[in-house]
Amino acid sequence: MAKKYVYLFKEGNANMRELLGGKGANLGEMTAADIPVPAGFVVTAEAYRYFIRHNNYTDHFAALLKEAGTDETKLCAAAGKLRALILEGQFPDDLVKEVT
């Protein structure tokens, strides 16, 4: 079975915090409790990791962060480089299909 990367709020709950993140899991709980929440969905943390692997960024990201160390100026510069890479990245077709 293919991995699922997108969950509707109504599919989420507190037990899915690691998968959906705190906000996504809480939105699921609120939806289940009939608290008025606009319809929506959560893209999982695994979807992010899949995107990173698909673009072969894992080692590059690690190298940028290692080079920056704990120096705040270097970390800010590395963050800018990471952001630019993410914006240039290509989404895997199966992930695009699931999100859209």
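Author: A78, L82 and L85 are the buried residues of helix α4, where buried means under 20% relative accessible area, exposed means over 50%, and partly exposed lies in between (1.4 Å probe, protein chains only). The three share one side of α4, because they cover an arc of only 60° around the axis; the arc is that of the directions from the helix axis to the C-beta atoms.

The model is predicted, so local features need pLDDT of at least 70 and side-chain atom pairs count only at pLDDT 80 or more, while totals for chains, interfaces and linings use all residues. Residues are numbered from 1 along each chain as its sequence is written, and side-chain values use heavy atoms, with hydrogens and water left out.

Helix α4 runs over residues 72-88, which makes 17 residues. From the first C-alpha to the last it reaches 24 Å, close to the 24 Å expected at 1.5 Å a residue; the expected span is 1.5 Å times one less than the number of residues. Helices (H or I, at least four residues) and strands (E, at least two) are DSSP runs, numbered from the N terminus. The face of α4 turned away from the buried side carries E72, T73, C76, R83 and L87, which are exposed.

What does the buried side of α4 pack against? It is α3 (58-68) that the buried residues of α4 pack against, with contact meaning heavy atoms within 4.5 Å. In α3, the buried residues are F61, L64 and A68. These three also lie on the same side of their helix, since the arc they cover around the axis is only 65°. D59, K66 and E67 are exposed on the other side of α3. The buried residues of α3 pack against both α2 and α4. After α3 comes G69, with a positive phi near 60°.

N56 has a phi near 55°, a positive value in a residue other than glycine. With 65% relative accessibility, N56 counts as exposed. D34 is another non-glycine residue with a positive phi, here about 60°. D34 belongs to the loop between α1 (17-32) and β2 (41-43), and at 69% relative accessibility D34 counts as exposed.

A salt bridge is a side-chain nitrogen of Lys or Arg within 4 Å of a carboxyl oxygen of Asp or Glu. By this rule there are four salt bridges. In one of them, the side chains of E46 and R49 meet at 3.1 Å, N to O. Both residues lie in α2, three residues apart, about one turn of the helix. E46 is buried, because its relative accessible area is 14%, whereas R49 is partly exposed at 39%.

E46 also meets the side chain of K3 in a salt bridge (4.0 Å, N to O). That pair links distant parts of the chain, 43 residues apart: K3 is in the segment before β1, and E46 is in helix α2 (residues 45-54). K3 counts as partly exposed, at 49% relative accessibility. K3, E46, R49 and R53 are linked in a network of salt bridges.

E11 and K4 form a further salt bridge, with the closest N and O atoms 2.7 Å apart. E11 is partly exposed, with a relative accessible area of 33%, and K4 is partly exposed at 31%.

L8 is placed in strand β1 (residues 6-8), and at 40% relative accessibility L8 counts as partly exposed.
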